Amino acid sequence: MTNEMKDTGIVYDVKGLDLWYGQDQALKNINMQIYKNQVTAVIGPSGCGKSTFVKTLNRMVENIPIVKIGGEILYHGENIFDKSVMVEELRTKVGMVFQKPNPFPKSIYENVLYGPKIHGIRDKKVHMEILETSLKAAALWDEVKDRLDDNAYGLSGGQQQRLCIARALAVQPEVILMDEPTSALDPIATQKIEDLINQLKEDYSIIIVTHSMQQAGRISDKTAFFLMGELIEYDDTSKIFSNPAKKQTEDYITGRFG
Amino acid sequence: MGTQTDVRKMIHDNIVNNRNRVDKLVPRILFLAALVSVVTTLGIVATLIFDSVKFFQMVPFSQVFSTELAPLRAENPTFGILPLINGTVFSSLIAMAVAGPVGLTAAIYLSQFASERVRNTLKPIMEILAGIPTIVYGFFAYSFVTPILMKLIPDLGAKNVLSPGLVMGVMIIPIVASLSEDAMNSVPKTISEGALGLGSTKFEVAVKVVLPAAISGILASFVLGISRAIGETMIVTIASGSSKAFTYDITQSMQTMTSYIVEFTSGDAGTGTAGYYSLYAVGLILLLFTLVMNLFAQYISHRFREEY
């Protein structure tokens, strides 16, 4: 089963996902398949459930105590809500990059190695290897290699965000969730992150929430359009932006609302 | 223009009047209020210094910093302060051995694990602990804790430093817990989310991310707890007694600097004697202790601040 799913290239198979914050339903019967080594953009107006959806994929949404979830999310064929699934392990396979850069108030070195260290990797040689690989993959190595012991908060916003990406890469995830990763950054830093996303999809599957339709158009292979908790349309990005099937999608991408 | 009343002029007059009266008066009243505490502090320091100088003129330094404390002896009274410092240090250490770990653990629980409802119930209850008059704690130490401890430690004196030390610790728990909790709560939630997103358990987030990020506030809460223990009077006066022997045995009575002052101000040290002036000297040293602790707390909060 698992192998079969991998062969078809499906990472996530979302089936009938419902989610409530207390009495308010934030996601309504979401069904979609997310593919390997692709960039999937999730767009929609504020409050449409796009962030909630992405945070459900690594079960971060459950940190909010009033959340109730129905339906299934199969990750390589296994329902992530199963009792047998260890949420900590899921989150190492499915890394996350947040809206605002959130490095730990520690050195660059400690930031990258936080994940490997808490998961029991103690070998100093392995540490150095992970450090260099992750920072290089996040296109940050050249900028920080001479000041690995400096506090991460001495970096610029864009560098901090790339450090957070390196930190996520350090535990060798398969999927990287990005929740509006460039919304707090200037255009140049945004450009660097977008270039980075293009490189990363060689090795990772990326799911990115963005409020910028231009960004979705530039970087994604597939686009999902959410509105009021529903998945309105999900297709190839080129199709969504040139010839959307639904009127609501067209209204949104042509800027008639949102 | 539409109305007959000249509203604009009325507003103008009103503003001019207010500026003259209220705006000039208010800052002065505020200044006076601020001045009260400054003047009082200066007054206290001045009194302590003046009368301490008299004490140090009467008693040689070599005797002051000795372990010989016999201020009530009719002939050749001696005024070694070391037994009092010893008593203060021991009672404070015992108190912090309780308040530090318990307070910090409570803070971690309240800030990282407790649900909103539990926190909103527990925190006020804990803060009531801080509102109990210290005389009640003293009585509690003497008539409740000491008898229990006596069953565990047969050699325990009826007056001993252990029991009030422990009770002071309980009294200080809310200070440590509340300030540490504030410090941990002010660590941005986004940082904890980052750690959770890497597969940390809640406990790992608390201990490896939030705690280090809040360490300056936590250490500052410890230091404030220590100052509180150093200055605490009633509990040690009632339950630790007034032995002036220099000892490291916490099962026996020790006198702290504060309870020495209580004993002498309520006793009959004749005005103008060395015993009388010794009160001021002890008071001054006590003040220096707490001052040093408070400066230390400030230093720590700057030195160990993890920027975020």
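In the predicted model, 10 residues of domain 1 of chain B are in contact with 11 residues of domain 2 of chain B. Within chain B, domain 1 covers residues 2-58 and domain 2 covers residues 78-303, and the centres of domain 1 of chain B and domain 2 of chain B, taken over C-alpha atoms, lie 36 Å apart. The area buried between these two domains of chain B amounts to about 930 Å², with carbon and sulfur atoms giving 85% of that area. On the side of domain 1 of chain B, the residues that lose the most area to domain 2 of chain B are B:Leu48, B:Phe55 and B:Met58, which together account for 54% of what that side buries. Between domain 1 and domain 2 of chain B the count of salt bridges is 0, while 2 residue pairs, both at pLDDT 80 or more, are found in polar contact across this interface. Sorted by class, the side of domain 1 of chain B that touches domain 2 of chain B comprises 6 nonpolar, 2 polar and 2 charged residues.

The interface between the two chains was examined in the same terms. The contact between chain A and chain B involves 21 residues from chain A and 20 residues from chain B, and the area buried between chain A and chain B is about 1,700 Å², of which 61% comes from carbon and sulfur atoms. In chain A, the residues that lose the most area to chain B are A:Pro105, A:Tyr114 and A:Ile118, and together these three give 30% of what the chain A side buries. Two or more residues are given to the side of chain A that touches chain B by helix 3 (87-93), strand 6 (94-97), helix 4 (108-118) and helix 7 (157-169) of chain A. Of the elements on that side, helix 3 of chain A gives the most, with 3 residues. By class, the side of chain A that touches chain B holds 12 nonpolar, 5 polar and 4 charged residues.

Helix 3 of chain A also contains A:Val87, which counts as buried because its relative accessibility, 17%, falls below the 20% limit. When residues up to four places away in sequence are not counted, A:Val87 touches A:Asn58 and A:Arg59. A:Ala245 is 158 residues from A:Val87 along the chain, and the C-alpha atoms of these two residues are separated by 37 Å.

Leaving aside neighbours within four places in sequence, B:Ser192 is in contact with B:Val205 and B:Val210.

Side chains of opposite charge can pair when their charged atoms come close. Over all chains, the structure holds 20 salt bridges. One of them joins B:Lys9 and B:Asp13, whose closest N and O atoms are 2.9 Å apart. Both B:Lys9 and B:Asp13 lie in helix 1 of chain B (residues 7-20), where they are 4 residues apart, about one turn of the helix. Both partners are partly exposed, B:Lys9 with a relative accessible area of 46% and B:Asp13 with a relative accessible area of 31%.

In chain A, the side chains of A:Asp235 and A:Lys239 meet in a salt bridge with an N to O distance of 3.9 Å; A:Asp235 is partly exposed at a relative accessible area of 25%, and A:Lys239 is likewise partly exposed, at 30%. A further salt bridge, with an N to O distance of 3.4 Å, is formed by the side chains of B:Arg228 and B:Glu232. Here B:Arg228 is partly exposed, with a relative accessible area of 31%, whereas B:Glu232 counts as buried because its relative accessibility is 4%, which is under 20%. Finally, B:Lys123, B:Glu181 and B:Asp182 are linked in a network of salt bridges.

Conventions: Residues numbered from 1 in each chain as written. Chains lettered and ligands numbered in written order. Predicted model: local features only at pLDDT ≥ 70, side-chain atom pairs only at ≥ 80, totals over all residues. Heavy atoms only, no water. Contact = heavy atoms within 4.5 Å. Buried area = accessible area lost by both parts, 1.4 Å probe. Nonpolar A, V, L, I, M, F, W, Y, C, P; charged D, E, K, R; others polar. Domains from an automatic or database assignment. Salt bridge = Lys/Arg side-chain N within 4 Å of Asp/Glu carboxyl O. Polar contact = N/O pair within 3.5 Å; in protein donor to acceptor, adjacent residues only side chain to side chain. Buried < 20%, exposed > 50% of the residue type's maximum accessible area, 1.4 Å probe, protein only.
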